[in-house]
Amino acid sequence: MGVAERNQSRIRVVICWDMLSGYIASCWRALAARPEIELSVIAVHAIKGANIAFNNEITAGLDVTLVTRDELNAGKTAELAAAKRPDVVVVCGWGLPGMRMVPEHPDLAHAKFMMTMDTPIAQAWRPMMRQRMGRFARRAYFAKIDRVAVAGERAWQLARVLGFQEDQIVRGCYAIDWPRFEPIAAERRSAMARGGATQTAWPRRFLFMARYVPDKAIDVLVEAYRAYRDQVRDPWPLVCCGQGEEGALLRGVEGIEDAGFVQPADQPARLRDSGCFLMPSRYEPWGVALAEAAAAGLPLIATEAVGASVELLHDRFNGRKIATDDWRALAEALIWMHERSDAELVAMGEHSRGLGAAFAAEVLAARWAGVFGELVG
């Protein structure tokens, strides 16, 4: 197809995805809103399980076909993608057999492929060697990939280790619903103005929002919070939003409220009423919730393990970046945040908001649309 003909038509894009989430649905909406893109999505049903409970309705209004994980790995996703006759296919990583089948489908021989990945580069020699071996084990699959969209700098480094060239790698595979979260800072400022001089203006409340699983370091969080409460006057409460097998660690701990799983529509209110967002993970490939909290104008506390901390958190500028799996370091960061004045907390929140703006879904959609145009032009 010539350039003139291409300019008169839309680029047909099919995204093949694993499980649904609120933030990824926002990315799809922003991409579908672009006039040059005709978007279809094939994704795995939101799984109601111990750790997540997203509603399938979060994709309402989009061209989304839902499949089961078994159907994905049996090749149904590849068949459905081929039936759309796409110009570009986006595949989610390389771990699932069903994703690796998609570029192999004979009816997709004409299509261009972009793979997303959030896996950070290994920090230890043995994991590094496993990643290097993966380069050879998935050589045939990677050879069919024209572009790689990575979550952040650490995933960019791994993409290079896996053999992709710099001009093949696109930064950004996750983004946030900026219009949903950006107004929260103004709402908080308005509440502060109404509070007057007779009450504390900035919300003195920590917020943790994640699955209750070992990777999120609930045990470290609880130990650190107990130590923090022992060392300050008028400790901030800690609100935890999520669900999972480690939720029992939160029960009965003074000052901790377990609010349970919060649907995307209810997250802004939680962020508005909070004064600092915590992400103490021991493993976090990127961490979209950190970007959402940044957009909401919150100071941040996160571990070095959080991939998004590279892009979104600068120590003592908009929060604290701390060692991983270290409850003492987390307790010290909580105390440090507790001691900040309202003016300092406001300033850190504004710094966070500036950093978070780059991760608006509309920004990602424009970047991806540009890449798709290059691939088919």
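**Reading the terms in this model**

Q: In which helix does Ser352 lie?
A: Ser352 lies in helix H16, residues 342–356. Helices here are DSSP runs of H or I with at least four residues, strands are runs of E with at least two, and both are numbered from the N terminus. This is a predicted model, in which local features need pLDDT of at least 70 and side-chain atom pairs count only at pLDDT 80 or more, while totals for chains, interfaces and linings use all residues. Residues are numbered from 1 along each chain as its sequence is written, and side-chain values use heavy atoms, with hydrogens and water left out.

Q: Why is Ser352 called buried?
A: Buried means under 20% relative accessible area, exposed over 50% and partly exposed in between, with a 1.4 Å probe and protein chains only. Ser352 has a relative accessible area of 0%, so the term applies.

Q: What does Ser352 touch, not counting residues up to four places away in sequence?
A: Ser352 touches Ala294, Leu298, Pro299, Leu300 and Asn318. Contact means heavy atoms within 4.5 Å.

Q: Why does Gln168 count as buried?
A: Its relative accessibility is 18%, and therefore Gln168 counts as buried. Gln168 sits in the loop between helix H8 (153–161) and strand S7 (169–171). Its contacts, leaving aside neighbours within four places in sequence, are Ile145, Asp146, Arg147 and Val148.

Q: What makes helix H2 mostly covered?
A: Eight of the 11 residues of H2 (22–32) are buried. Among them are Ile24, Cys27, Trp28 and Leu31. The cover over the buried residues of H2 includes strand S1 (11–19), strand S2 (37–44) and helix H17 (361–376).

Q: Which residues of the largest nonpolar core touch the most other members?
A: Of its 102 residues, these are Ile15, Trp28, Phe206, Phe277, Trp368 and Phe372. H17 gives the most to this core, with nine residues. A second, separate core has 34 residues, including Val14, Met99, Val102 and Val150. A nonpolar core is a set of buried Ala, Val, Leu, Ile, Met, Phe, Trp, Tyr and Cys residues joined through side-chain atoms within 4.5 Å.

Q: How do you know that strand S8 is paired with strand S11?
A: Two strands pair if DSSP finds at least two bridges between them. S8 (206–209) and S11 (276–279) are joined by three bridges and run parallel, so they meet that threshold. In S11, Phe277 is the bridge partner of Leu207, and Leu278 is that of Phe208. S8 is also joined in parallel to strand S9 (238–241), by four bridges.

Q: In what order do the six strands of the open sheet stand?
A: The order is S10-S9-S8-S11-S12-S13, with parallel pairing.

Q: Why are S10 and S13 placed at the edges?
A: Strands S10 (256–260) and S13 (319–322) each have a single partner strand, so one side of each is left without a neighbour in the sheet.

Q: What makes both faces of S8 covered?
A: Phe206 and Phe208 on one side and Leu207 and Met209 on the other are all buried.
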